[in-house]
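Me: Hi! Could you walk me through this model?
Reply: Happy to, let's have a look together.

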Amino acid sequence: MYINGFLIPVPGDKKAQYQDVAERFWDSAKDYGAQEQVEAWEVDVKDGQWTDFRRAVDIQDGEKVVFSWMVWPDKATAGASHEKMMNDERMQFPEGYEMPFDGKRMVWGGFTPVVALGA
């Protein structure tokens, strides 16, 4: 199992537009091997004393933090899918389309679980 994790600052009034982009992303990602995608909208994110989710993405007034992850069978599958997804026609947006978030402040990384439990 391999996980891509994301923190994304999204204007609160662009939640529906963000959901549309995330669902479009899933339509492509699942065809290239992704097993699960979760997009979690901020509900109870507190400011920390030294660091926190908000500071990690330089949150601005009116924005919410999205905590997101995508599960892949392995790192090789995740890596091989990236370029394919970016070139997939489903991920092409009309000229002039503005993403509902500032990608420069998005934080992401790849992870291998050290503990994975379930009921």
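**Sheet and helices**

Reply: In this predicted model, helix α1 (residues 15–29) lies across β1 (2–11), β2 and β3, and runs at about 170° to β2. Helices (H or I, at least four residues) and strands (E, at least two) are DSSP runs numbered from the N terminus; axes are lines fitted to C-alpha atoms, for helices over the stretch in contact, with angles from 0 to 180 degrees between N-to-C directions. Contact means heavy atoms within 4.5 Å.

Me: And which strands does α3 touch?
Reply: α3 packs on the sheet and touches β1 and β3, its direction making about 120° with that of β3.

Me: Nice. What's the strand order in the sheet?
Reply: The sheet is open, with 4 strands in the order β2-β3-β1-β4, and the pairing is antiparallel. Two strands pair if DSSP finds at least two bridges between them.

Me: How many bridges join β2 to β3?
Reply: 6 bridges, with β2 and strand β3 (residues 63–72) running antiparallel. Ala40 stands opposite Phe67 in β3.

Me: Switching topic: where is confidence lowest, and where is it highest?
Reply: The lowest is in helix α3 (residues 75–87), at a mean pLDDT of 90, and the highest is in strand β2 (residues 36–41), at 98. The protein chain averages 94, and 100% of the residues score at least 70. pLDDT is the predictor's confidence in each residue, from 0 to 100.

Me: OK, salt bridges. How many does the structure hold?
Reply: The structure holds 9, a salt bridge being a side-chain nitrogen of Lys or Arg within 4 Å of a carboxyl oxygen of Asp or Glu. One of them joins the side chains of Glu63 and Arg105 (2.7 Å, N to O). Glu63 lies in strand β3 and Arg105 in the loop between α3 and β4, so the pair ties together parts 42 residues apart in sequence.

Me: Is Glu63 buried or exposed?
Reply: Glu63 counts as buried, at 12% relative accessibility, and Arg105 is buried too, with a relative accessible area of 15%. Buried means under 20% relative accessible area, exposed over 50%, and partly exposed in between (1.4 Å probe, protein chains only).

Me: What else does Arg105 meet in a salt bridge?
Reply: Asp102, at 3.0 Å, N to O. Asp102 counts as partly exposed at 29% relative accessibility.

Me: And where is Asp88 found?
Reply: Asp88 is in the loop between α3 and β4, and counts as buried at 6% relative accessibility. Not counting residues up to four places away in sequence, Asp88 touches Ser28 and Tyr32.

Notes
Residues are numbered from 1 along each chain as its sequence is written. This is a predicted model: local features need pLDDT of at least 70, side-chain atom pairs count only at pLDDT 80 or more; totals for chains, interfaces and linings use all residues. Side-chain values use heavy atoms; hydrogens and water are left out.
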